[in-house]
Amino acid sequence: MPTDLEIAVQQLDPDLPLPAYAHPGDAGADLVSTVDVTLAPGERALVPTGIAIALPDGYVALVHPRSGLAARHGLSIVNTPGTVDAGYRGEIKVLLINHDPAETIALRRGDRIAQLVIQRYERAAFVAVDTLPDSVRGGGGYGSTGGFGGTSRSARQSPRRRAT
Ligand SMILES: O=c1ccn([C@H]2C[C@H](O)[C@@H](COP(=O)(O)OP(=O)(O)OP(=O)(O)O)O2)c(=O)[nH]1
Ligand SMILES: [Mg+2]
């Protein structure tokens, strides 16, 4: 088992827990809200988490939604995944949005609202060129390979697996 990467955390709200992984092997460490917040359908709010971090050079922290809250309540993040730069020393905040068409979402201080995924990244040197090397895909995009499923409409009508 590799040793965990140590990340310095400043607790701006010491009564609340540090980011925490719910299980061994989880990629996302849960972040909590420092405030009570109510989101009407379609409403968004920038919610503080009570922590600031110092990432080592070459690392980024990505703020992802929690799938359970998304599935049950339609709660997501406007700018998902949010990017926390290695040089950022301010409080990490989460731009929550209520996608439910009808239900208001009431969150409490201490609720786990998002998860932080720590990743290495590459820093690029962007080099201007006149022509790009050929590729099989070329310029095709935005649906160039078709729509749902495989190659035909009948494939879409007889799915092999159904959502439960
Ligand atoms: O979900 C997020 C996304 C960003 N940030 C913080 C950390 C990040 O380093 C900083 C800037 O984010 P970003 O670069 O995405 O926003 P910007 O609109 O480009 O702001 P800036 O001009 O400050 O770079 O805001 C958060 O706390 N939460
Ligand atoms: Mg930026």
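Visitor: Let's start with serine 76. Which residue stands opposite it in β10?
Guide: Isoleucine 97 does. Keep in mind that this is a predicted model.

Visitor: How many bridges do β8 and β10 share, and in which sense do they pair?
Guide: Three bridges, in the antiparallel sense. Leucine 75 is bridged too, and its partner in β10 is asparagine 98.

Visitor: What holds strands together like that, in general?
Guide: Strands of a sheet pair through backbone hydrogen bonds, either parallel or antiparallel.

Visitor: And what stands opposite arginine 44 in β10?
Guide: Isoleucine 97 again. Five bridges join β5 to β10, and these two run antiparallel.

Visitor: So what is the strand order of that sheet?
Guide: It goes β5-β10-β8. The sheet is open, has three strands and pairs antiparallel.

Visitor: Which strands are at the edges?
Guide: β5 (44-48) and β8 (75-77), because each pairs on one side only. Neighbouring strands in this sheet are turned by 35° against each other on average, ignoring direction.

Visitor: Stay with β10. Which residues are on its covered face?
Guide: Val94, Leu96 and Asn98. The uncovered face has Lys93, Leu95 and Ile97.

Visitor: Why do the numbers skip like that?
Guide: In a regular strand the side chains alternate between the two faces of the sheet.

Visitor: Now the ligand. What surrounds ligand 1?
Guide: Val63, Asn79, Gly82, Thr83, Val84, Asp85, Tyr88, Ile92, Lys93, Val94 and Leu95. β9 and β10 are the elements that give two or more residues to this shell.

Visitor: How does the shell divide by residue type?
Guide: Six are nonpolar, three polar and two charged.

Visitor: Where does UniProt place the "binding site"?
Guide: An unreviewed UniProt entry puts that feature at Arg66, Ser67, Gly68, Asn79, Thr83, Val84 and Asp85. They span 20 residues in sequence, and the farthest two C-alpha atoms are 26.4 Å apart, so they do not all gather at one spot.

Visitor: Take serine 67 from that list. Where is it found?
Guide: In helix α1, residues 67-73.

Visitor: Is serine 67 buried or exposed?
Guide: Exposed, because 11 other C-beta atoms lie within 10 Å, and 12 or fewer counts as exposed.

Visitor: What about aspartate 85, where is its place?
Guide: In the loop between β9 (82-84) and β10 (93-98). Aspartate 85 is exposed, with 11 other C-beta atoms within 10 Å.

Visitor: Change of topic. Which peptide bond is cis?
Guide: The one from threonine 80 to proline 81, with omega near -15°. Proline 81 is in the loop between β8 and β9.

Visitor: And which residue other than glycine has a positive phi?
Guide: Tyrosine 142 has one, near 50°. Tyrosine 142 lies in the loop between β12 and α2 (153-157). It counts as exposed, with 4 C-beta neighbours inside 10 Å.

Visitor: Why point those two out?
Guide: Most residues other than glycine have a negative phi, and most peptide bonds are trans.

Visitor: What about glycine 25, what phi does it take?
Guide: A positive one, near 90°. Glycine 25 is in the hairpin of β2 and β3, which has six residues between the strands.

Visitor: How are β2 and β3 joined?
Guide: By two bridges, and the strands run antiparallel. Alanine 20 stands opposite aspartate 30 in β3.

Visitor: How many bridges does β3 have with β12?
Guide: Five, in the antiparallel sense. Leucine 31 has alanine 114 in β12 as its bridge partner.

Visitor: Where is leucine 12?
Guide: In the loop between β1 (8-11) and β2. Leucine 12 is partly exposed, with 15 other C-beta atoms within 10 Å. Its C-alpha atom is separated by 4.9 Å from that of glycine 50, 38 residues apart along the chain.

Visitor: Which domain does UniProt list?
Guide: The unreviewed entry lists "dUTPase-like" for residues 17-146. That stretch is 5% helix and 38% strand, and its end C-alpha atoms are 46 Å apart.

Visitor: Last one. What are the confidence scores?
Guide: The protein chain averages a pLDDT of 93, and 90% of the residues score at least 70. The complex gets an ipTM of 0.99 and a pTM of 0.90 from the predictor.

Definitions and conventions: Residues numbered from 1 in each chain as written. Chains lettered and ligands numbered in written order. Predicted model: local features only at pLDDT ≥ 70, side-chain atom pairs only at ≥ 80, totals over all residues. UniProt positions renumbered as here; feature names shortened; annotations may be inferred. Helix = DSSP H or I, 4+ residues; strand = E, 2+ residues; numbered from the N terminus. Buried ≥ 20, exposed ≤ 12 C-beta atoms within 10 Å, placed from the backbone. Near = placed C-beta within 6 Å. Nonpolar A, V, L, I, M, F, W, Y, C, P; charged D, E, K, R; others polar. pLDDT = per-residue confidence, 0-100. Axes fitted to C-alpha atoms, helices over the stretch in contact; angles between N-to-C directions.
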